[in-house]
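Work through the exercises below with the coordinates loaded. Each task is followed by a stepwise solution.

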Amino acid sequence: NTWNTVQRQCFRGEEVDDVLEEVRSLLRARGRGRTQWEVGSSAPADLVDALLERGIGFDKDPYAVALVLTSEPPPPREGLVARQIETYEEYLDANAVQWEAFGTPPEQIEESKRLLPKLFRESVNLRHAVWLDRELVCTGTSAPTEHGLLLYGGATRESARGRGAYRALIRARWNDAVALGAPALITQGGTMSRPILERLGFERVGEVHMMLDQFDAR
C-alpha cells in the first residue's frame with residue numbers, strides 16, 4: 001500500500017523532532033516522500049501546534065470525529081444487496097470503487113494493483129460491498145478487534161450516492177460484528193461521512209486532526 005499514516009502517538013512533547021526523523025527515515029527507505037498524521041484526543045499536548053511549527057500542514061479534510069456505534073443500525077433499503085466480497089473479481093471491483101471515490105493518482109493505483117493478489121490471499125481484514133442492480137457501487141474495509149469492527153475506507157460511486165448504499169454497508173458490517181461476538185463499530189468521520197454516520201446512530205467519543213507531512217523521499 002502506498003499510503004502511510006502515523007497514529008496513536010505516545011511520545012513526550014520534547015521528542016517530536018526525533019520521532020519526525022524516525023518516521024521520515026523509515027519512509028525514505030521505502031521510496032516514500034509523504035505521510036499523513038492522525039492526531040487524536042489522547043496525543044501529546046500541543047502536538048498539532050508542534051507539527052505546524054515544523055512545516056507540516058493540515059490535510060485536505062483537516063478534522064474528523066471519532067465515532068462508535070453500539071446499537072443496531074437501520075436495515076438497508078429495498079433493492080440493495082450488502083455482504084462480504086467472495087471472489088477476487090469482486091475484490092478488484094471494490095478497489096476500483098475506492099480509487100475512483102478517493103481520487104487516487106494513477107501511479108498509486110498501479111503500485112496497489114501489484115499488491116492486490118497478495119492482499120486478497122493474506123489480509124485478515126474484512127471487505128464488504130453493496131450491489132445496486134447487480135453493480136458493485138459501495139465498499140469498505142474493517143479490522144476485527146476485541147472491541148468491535150474498526151471501519152475505514154468506506155466509499156460509494158458518485159453515480160450511486162444518495163440511494164442508501166452506505167447505510168446498507170454499515171448494516172452489513174454491524175451484522176458481522178454481532179456474529180463475531182463484539183457488537184460495536186468504531187470509526188472516524190470527516191466532512192462527508194460524519195453527518196451520515198451520526199444519523200445512523202454513531203456517537204462522538206473523540207476528535208482527530210488530519211495533517212500531511214510532505215518531505216523529500218531521497
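**Exercise 1: the cores**

The largest nonpolar core has 23 residues, and those with the most contacts inside it are Val130, Cys138, Ile170, Leu185 and Phe202. A nonpolar core here is a set of buried Ala, Val, Leu, Ile, Met, Phe, Trp, Tyr and Cys residues joined through side-chain atoms within 4.5 Å; buried means under 20% relative accessible area, exposed over 50%, partly exposed in between (1.4 Å probe, protein chains only). The model is predicted: local features need pLDDT of at least 70, side-chain atom pairs count only at pLDDT 80 or more, and totals for chains, interfaces and linings use all residues. Residues are numbered from 1 along each chain as its sequence is written, and side-chain values use heavy atoms, with hydrogens and water left out.

Task: find which elements give two or more residues to this core, and which gives the most.

Step 1. Strand 3, strand 5 (126-132), strand 6 (135-145), strand 7 (148-156) and helix 5 (165-179) each give two or more residues. Helices (H or I, at least four residues) and strands (E, at least two) are DSSP runs, numbered from the N terminus.

Step 2. Helix 5 gives the most, with seven residues.

Step 3. Another core, of 16 residues, lies apart from the largest one; Phe11, Val39, Val48 and Phe215 are among its members.

Step 4. For Ile170, the residues touched include Leu69, Leu151, Leu185 and Phe202, not counting residues up to four places away in sequence. Contact means heavy atoms within 4.5 Å.

**Exercise 2: phenylalanine 58**

Task: determine where phenylalanine 58 lies and which residues it touches.

Step 1. Phenylalanine 58 is placed in strand 3 (residues 57-69).

Step 2. Its relative accessibility is 42%, so phenylalanine 58 counts as partly exposed.

Step 3. Leaving out residues up to four places away in sequence, phenylalanine 58 touches Val48, Leu52, His209, Met210, Met211 and Leu212.

Step 4. The C-alpha atoms of phenylalanine 58 and methionine 210 are 6.0 Å apart, although 152 residues separate the two along the chain.

**Exercise 3: the whole chain**

Task: how many helices and strands does the chain have, and what is its radius of gyration?

Step 1. There are six helices and nine strands.

Step 2. The radius of gyration, taken over C-alpha atoms, is 18 Å, close to the 17 Å from the globule rule for 218 residues, so the chain is as compact as a globular protein of that length. The rule is 2.2 Å times the number of residues to the power 0.38.

Step 3. Of the 218 residues, 44% count as buried.
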